[in-house]
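Hi,

Here is the structure I promised to pass on. Have a look at it first, and then read on for what turned up.

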Amino acid sequence: MNIRTPRPAATADEALDHPRSLAAFRTVKRLIGGYAAISVLTLGAVYLLRHDTGLVNQTVWIRGGIVALTSLLMLAFAVGASRGRRRAYLRLRIASGVMTVAIAVLVSLPGFLPLWMRVEQGVCGLLLAGVVAVANGKHLRTLFATR
């Protein structure tokens, strides 16, 4: 009779310290760090260009502020998830997916944003697509499914 004996499950700290977990969280933090840096720099550019109404309007101010704020929140979610906080991981997955879709929609609306901000948002969307791919990957989903 072939009876499989279950392997002992890794403890929570061992699973978080696994090389694949460390690599996944490092990638997520780098992608979100890039997203946050671009967002904050964009907000600075909006401030510097505030007198040019062709480049900066009220929509640009609002969108720039929202994106900068959410990028910093997502960075906090990523740090929390890397420390094993299941709720932070769930928030990271939801926020990154929602923001990626929102960016795709807003960039595709004609005349909604100036060209320079569409390009900036497109870059942010690509960074967040990477976060979505890694955060929803099998390894991290499995890691948090057992927590």
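Phe 144 counts as buried, at 1% relative accessibility (buried means under 20% relative accessible area, exposed over 50% and partly exposed in between, with a 1.4 Å probe and protein chains only). Please keep in mind that this is a predicted model, where local features need pLDDT of at least 70, side-chain atom pairs count only at pLDDT 80 or more, and totals for chains, interfaces and linings use all residues. Residues are numbered from 1 along each chain as its sequence is written, and side-chain values use heavy atoms, leaving out hydrogens and water.

The ring of Phe 144 is stacked with that of Tyr 89, the centres being 4.2 Å apart and the planes at 10° (rings of Phe, Tyr and Trp, the last by its six-membered ring, pair if their centres lie within 6.5 Å; planes under 30 degrees apart are stacked, over 60 edge-to-face, the rest tilted). This pair links distant parts of the chain, with Tyr 89 in helix 4 (residues 86–108) and Phe 144 in helix 6, 55 residues apart (helices, H or I with at least four residues, and strands, E with at least two, are DSSP runs numbered from the N terminus).

By this rule there are two aromatic pairs. Phe 25 and Phe 144 form one that is edge-to-face, 6.3 Å centre to centre with 85° between the planes. Phe 25 lies in helix 2 and Phe 144 in helix 6 (residues 138–145), so this pair ties together parts 119 residues apart in sequence. Phe 25 is buried too, with a relative accessible area of 4%. Ring pairs link Phe 25, Tyr 89 and Phe 144 into a cluster.

Happy exploring!
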